[in-house]
Amino acid sequence: MKRLLPRLAAGLGVALLLAQLWRPPRNESPAGGPADIAAKHPVPPAVLDLLHRACYDCHSNHTRYPWYANVQPVRWWLDHHINEGKQHLNFSEFGAYADQRAAKKLDELIDEVEGHTMPLPSYTWIHRDARLSPADVKLLTAWADGLRAEIAP
């Protein structure tokens, strides 16, 4: 048993070192492409700033990676969140959504923001600037509600 623990620790260390060699592609397409929400719909500068600050890292094709994203398995965990976030709503592709789908996504955005389930607490814990104040929630939901009413079929 005395020999097993050091061997397990050494094996785990080697596995973590080897994991650093695998680098999945980053989510860093050029910001503001032709299907970006701001390319198709009017987005006031204050709302766009809020989206970039609190939403775009997980809900667009352009993520700002922190330094710790270079460490595995943290990067895998971040990539999982990013991929999952983009499946639910991708602001970089929003302009290509059908009107009915876009309106539904805006409804979901309003529900998530008003319910304080987005941004995720695990994200705002580290990214304090992504925390939404009551004024931010009101600004974002009012804009989303107006846009939803404008594009709803």
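Q: Is Asp 136 buried or exposed?
A: This is a predicted model, in which local features need pLDDT of at least 70 and side-chain atom pairs count only at pLDDT 80 or more, while totals for chains, interfaces and linings use all residues. Residues are numbered from 1 along each chain as its sequence is written, and side-chain values use heavy atoms, with hydrogens and water left out. The classes rest on relative accessible area, with buried under 20%, exposed over 50% and partly exposed in between (1.4 Å probe, protein chains only). Because its relative accessible area is 16%, Asp 136 is classed as buried.

Q: Which residue forms a salt bridge with Asp 136?
A: A salt bridge is counted where a side-chain nitrogen of Lys or Arg lies within 4 Å of a carboxyl oxygen of Asp or Glu. The pair in question has its closest N and O atoms 3.5 Å apart, and it links distant parts of the chain, 83 residues apart, from helix H3 (residues 45-54) to helix H7 (residues 134-151); helices here are DSSP runs (H or I, at least four residues), numbered from the N terminus. The partner, partly exposed at 21% relative accessibility, is Arg 53.

Q: Which residues are linked with Lys 105 in a network of salt bridges?
A: Lys 105 is buried, with a relative accessible area of 12%, whereas Glu 108 counts as partly exposed at 28%. Their side chains meet in a salt bridge at 3.5 Å, N to O, and both lie in helix H5, three residues apart, about one turn of the helix. The network that contains Lys 105 also takes in Glu 108 and Lys 104.

Q: How far apart are the closest N and O atoms of Arg 148 and Asp 145?
A: Because these residues are three apart in helix H7, about one helical turn separates them. Arg 148 is partly exposed at 23% relative accessible area, and Asp 145 is likewise partly exposed at 35%. In their salt bridge, the closest N and O atoms are apart by 2.0 Å.

Q: Which helix supplies the largest share of the lining of the largest pocket?
A: On a 1 Å grid over the protein atoms alone, a pocket is an open set of points where a 1.4 Å probe fits, with protein on both sides within 12 Å along at least five of seven lines, and lining residues have an atom within 4 Å of a point. The largest pocket has a volume of about 430 Å³, and of its 20 lining residues those closest to the centre include His 59 and Glu 112. Helix H4 (74-88) and helix H5 (99-114) each supply at least two lining residues, but the largest share, five residues, comes from H5.

Definitions and conventions:
Points joined across faces, edges and corners; volume = space filled by probe spheres on them.
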